Amino acid sequence: MKMARSRGDKEEALEKHAGLLKMVQILSFLVVFIAGIIIGLATSSHINKYFNSQADLFFTTKLGSEPSSGYNCNVVKSCEKVDCLSMKTFMRPVNLTHQMSDEEIFWRASLVPYKNGYPFDRLPKVAFLFLTRGLLPMLPLWEMFFRGHDKYFSIYVHAPPGYLLNVSSDSPFYRREITSQSVKWGTMSLFDAERRLLANALLDFSNERFVLLSESCIPVYNFPTVYNYLIHSKHSFADSYDDPTRYGRGRYSRKMSPDIKLYQWRKGSQWFEIQRAFAVYIVSDTKYYTIFKKHCKPACYPDEHYIPTFLNMFHGPLNANRTVTWVNWSMGGPHPATYRGVNISESLIQSIRNNQTQCSYNSDMTSLCYLFARKFDPSALEPLLNLTSTVMEF
């Protein structure tokens, strides 16, 4: 009896002990679970704070380092001021500053609307493309030429990288420098600069005519005369002729055949004036550009042969085969005559205008053949300014 009772007491004690162990295990699990939740929440809060602070630091640094121009759509903050996707901004870019490479801007400029017409009242403009080595010594003369005609022209300046024109904010040249690259005379880089100017000007859909000028160029007529002459012309004005000498055909490489044949090869002045459709063709071309880059090297100069040859091959009937920029080659030698202050007179300007040359304009003959002239030394500026009201009428 005693042994049976003792065994029952032991079993009862063991059951109580097992129950206590279960309770302890459950309580331990709950403690660990709650502790895990607390630690997890604390860690998550710390991580969120860390990444949020890093994100704030990243975006503040990146955006804060960019210029905050009201018209630079590369900057997110600027779009608070300007609708960067508006039709106006797309059709008529205001700010020339961009980060596009040559390949990107040539592609962008080659986009042509398939639909006829424009969704705005388009007033055609003349784009004046200044290819310079830095200073624009004739700047005051050009500013007088452009004064009062803001709606009818655009200006683009390709200067050495980093160069900024020192002009006032009311000058038509203010902030008109494009993103540029170094240029070496006689190489493809010179023609690249011309294409870069065309591409930037093509971004404005109002630009209809494109004239290339240098820092030594001057206008010999007032703006209304120049504008009407170019806008109403049925042809472009790119010098293009067959030169049988070693300075023409002698620069042709037979490695260009069969894509470019000798009979198609042309020479001409680099100072062109072309219509919009031609400008699009030039910045869009890769095939003939690549051929020239590979085979036209000194003593072959791409700026004297690419456009004359390209237009002759594909758009000859729409080209007047002459330039509208006068220059004096009568002195002989590899470079034209330069005019300095002592050479400037009313008779000089009149002789440029009336040089006894007859040329074709819209199928009619005219004596008005040249709108611009070069090469003029910086010393010529002051005497030229004295002739603006009496001779050039601006």
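In general terms, it is a covalent bond between the sulfur atoms of two cysteines. Hello everyone, and let me use that definition to start our tour.

First, some ground rules. What you see is a predicted model, where local features need pLDDT of at least 70 and side-chain atom pairs count only at pLDDT 80 or more, while totals for chains, interfaces and linings use all residues. Residues are numbered from 1 along each chain as its sequence is written, and side-chain values use heavy atoms, with hydrogens and water left out.

So, how many disulfides does the structure hold? There are two. One joins Cys-296 and Cys-300, with the sulfur atoms 1.9 Å apart. The angle about its S-S bond is -90°, which makes the link of Cys-296 and Cys-300 left-handed. Cys-296 and Cys-300 are both buried; buried means under 20% relative accessible area, exposed means over 50%, and partly exposed is in between, using a 1.4 Å probe and protein chains only.

The other disulfide pairs Cys-359 with Cys-369, their sulfur atoms 2.1 Å apart. This link is left-handed too, with -110° about the S-S bond. Cys-359 sits in strand S7 (residues 359–361) and Cys-369 in the loop between strand S8 (364–366) and strand S9 (372–373), so the bond ties together parts that are 10 residues apart in sequence. Both of these cysteines, Cys-359 and Cys-369, are buried.

Let's step back to the whole protein. Its secondary structure comes to 12 helices and nine strands. Those are DSSP runs numbered from the N terminus: helices are H or I with at least four residues, strands are E with at least two. Of the 394 residues, 44% count as buried. Among contacts with a separation of 6 or more, 79% come from residues 24 or more positions apart, a contact being heavy atoms within 4.5 Å.

Now for the sheet. Four strands make an open sheet in the order S2-S1-S3-S5, with mixed pairing; two strands pair if DSSP finds at least two bridges between them. At the edges are strand S2 (153–158) and strand S5 (273–275), each pairing on one side only. From one strand to the next, the twist averages 20°. Strand S1 (residues 125–131) runs parallel to S2, and the two share six bridges. Ala-127, for instance, has Ser-154 in S2 as its bridge partner.

Which helices lie across these strands? Helix H6 lies across S1, S2, strand S3 (207–214) and S5, at about 105° to S1. H7 lies across S3 and S5, at about 95° to S5. For these angles, axes are lines fitted to C-alpha atoms, for helices over the stretch in contact, and angles run from 0 to 180 degrees between N-to-C directions.

Next, please find helix H3 (residues 102–109). Its buried residues are Asp-102, Ile-105, Phe-106, Arg-108 and Ala-109. Seen down the axis of H3, they fall within an arc of 160°, so they line one face of the helix; the arc is that of the directions from the helix axis to the C-beta atoms. The face turned away from that buried side carries the exposed residues Glu-103 and Trp-107. What do the buried residues of H3 pack against? Their partners are helix H2 (87–91), helix H5 (188–202) and helix H7 (276–284).

On to the interior. A nonpolar core is a set of buried Ala, Val, Leu, Ile, Met, Phe, Trp, Tyr and Cys residues joined through side-chain atoms within 4.5 Å. The largest one has 52 residues, and Phe-128, Trp-142, Phe-173, Phe-376 and Leu-384 touch the most other members. Helix H6 (residues 223–231) gives the largest share of this core, six residues. Apart from it lies another core, of 45 residues, including Leu-129 and Tyr-156.

Finally, a few backbone details. A cis peptide bond joins Ser-257 and Pro-258, with omega about 10°, and Pro-258 is in the loop between H6 and S5. Another cis peptide bond joins Arg-374 and Lys-375, with omega about 0°. Arg-175, in the loop between S2 and H5, has a positive phi near 55° although the residue is not glycine. With a relative accessible area of 43%, Arg-175 is partly exposed.

Terms used
Disulfide = S-S within 2.5 Å.
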